[in-house]
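Let's take a walk through a protein model, one piece at a time. Keep the picture handy and look for each part as it comes up.

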Amino acid sequence: MITLWHNPRCAKSRAALALLESQDVTLRLYLKDAPNEAELRAAHALLGGQVIDMMRPNEAAFREAGLTRGSSDDALFAAMAAHPILIERPLALSGNRAVIGRPPEAVLTLLAR
């Protein structure tokens, strides 16, 4: 099963969704079914890198929350849980693997077994 944290406003996210729908996968629309902080931390553990890499710091909610690129990981995770619009999109997870769909075709790597 692949879980796609998808935002329908985003062209990259819509493209990744279309690629995965053709594969009969299960999807999660994260703006309707937002991940909690524990799920965000688990996704980050699979992605690696810095927490800010899984965020959209140009969103107004980032500034409104008083965040900066130097904010603590705890503050960044809490902000994503409170404002899921801050989660980089699309983010796809499957088992012990995760990928951010930039470009959207990157999500297809999760189909390779």
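Which residues are exposed on the other side of α2? They are A38 and A45. Keep in mind as you look around that this is a predicted model.

## Helix α2 and its two sides

In α2, which runs over residues 37-47, the residues L40, A43 and H44 are buried. Looking down the axis of α2, you'd find these buried residues within an arc of 100°, so they line one face of the helix. On the other side sit the exposed A38 and A45.

What do the buried residues of α2 pack against? Their partners are β1, α4, β2 and β3. The strand β1 covers residues 3-5, β2 covers 91-94, and β3 covers 97-100.

## Where α2 meets α4

Let's zoom in on one of those partners. Helices α2 and α4 pack at an angle of about 120°, and their axes are 9 Å apart. That angle makes α2 oblique to α4. The crossing of the two helices is right-handed.

Who makes the contact? From α2 come E37, L40, R41 and H44, while α4 brings D74, F77, A78, M80 and A81. Sorted by type, the residues of this contact are 5 nonpolar, 1 polar and 3 charged. L40 and H44 turn up here, and both are also among the buried residues of α2.

## Helix α4 from its own side

Helix α4 spans residues 73-82. Its buried residues are L76, F77, A79 and M80. They take up an arc of only 160° around the axis, which puts them on the same side of α4. Among the things covering them are α2 and α3, the latter at residues 60-64. F77 and M80 are also part of the contact with α2.

## Helix α1

Which residues are buried in α1? In this helix, made of residues 11-21, they are S13, A16, L17 and L20. Seen down the axis of α1, they fall within an arc of 105°, so they line one face of the helix. What covers them includes the strand β1.

## The loop between α4 and β2

Now move on to the loop that links α4 and β2. H83 is found here, and R89 has its place in this loop too. Is H83 buried, exposed or partly exposed? Its relative accessibility is 33%, so H83 counts as partly exposed. If you compare H83 with L46, which is 37 residues away along the chain, their C-alpha atoms are separated by 21 Å.

R89 has a relative accessibility of 5%, and because buried means under 20%, R89 counts as buried. Leaving out residues up to four places away in sequence, R89 touches W5, N7, R9, C10, K12, S13, Y30, R56 and E59. One of these, S13, is a buried residue of α1.

## Two cis peptide bonds

Here's a general point to start with: most peptide bonds are trans. Where does this model have cis ones? The bond from R89 to P90 is cis, with omega near -15°. P90 lies in the loop between α4 and β2.

The bond from R102 to P103 is cis as well, with omega near 0°. You'll find P103 in the segment after β3.

Key
Residues numbered from 1 in each chain as written. Predicted model: local features only at pLDDT ≥ 70, side-chain atom pairs only at ≥ 80, totals over all residues. Heavy atoms only, no water. Buried < 20%, exposed > 50% of the residue type's maximum accessible area, 1.4 Å probe, protein only. Helix = DSSP H or I, 4+ residues; strand = E, 2+ residues; numbered from the N terminus. Arc of directions from axis to C-beta. Contact = heavy atoms within 4.5 Å. Axes fitted to C-alpha atoms, helices over the stretch in contact; angles between N-to-C directions. Parallel < 35°, antiparallel > 145°, perpendicular 65-115°, else oblique. Left-handed = near helix turned anticlockwise from the far one by under 90°. Nonpolar A, V, L, I, M, F, W, Y, C, P; charged D, E, K, R; others polar.
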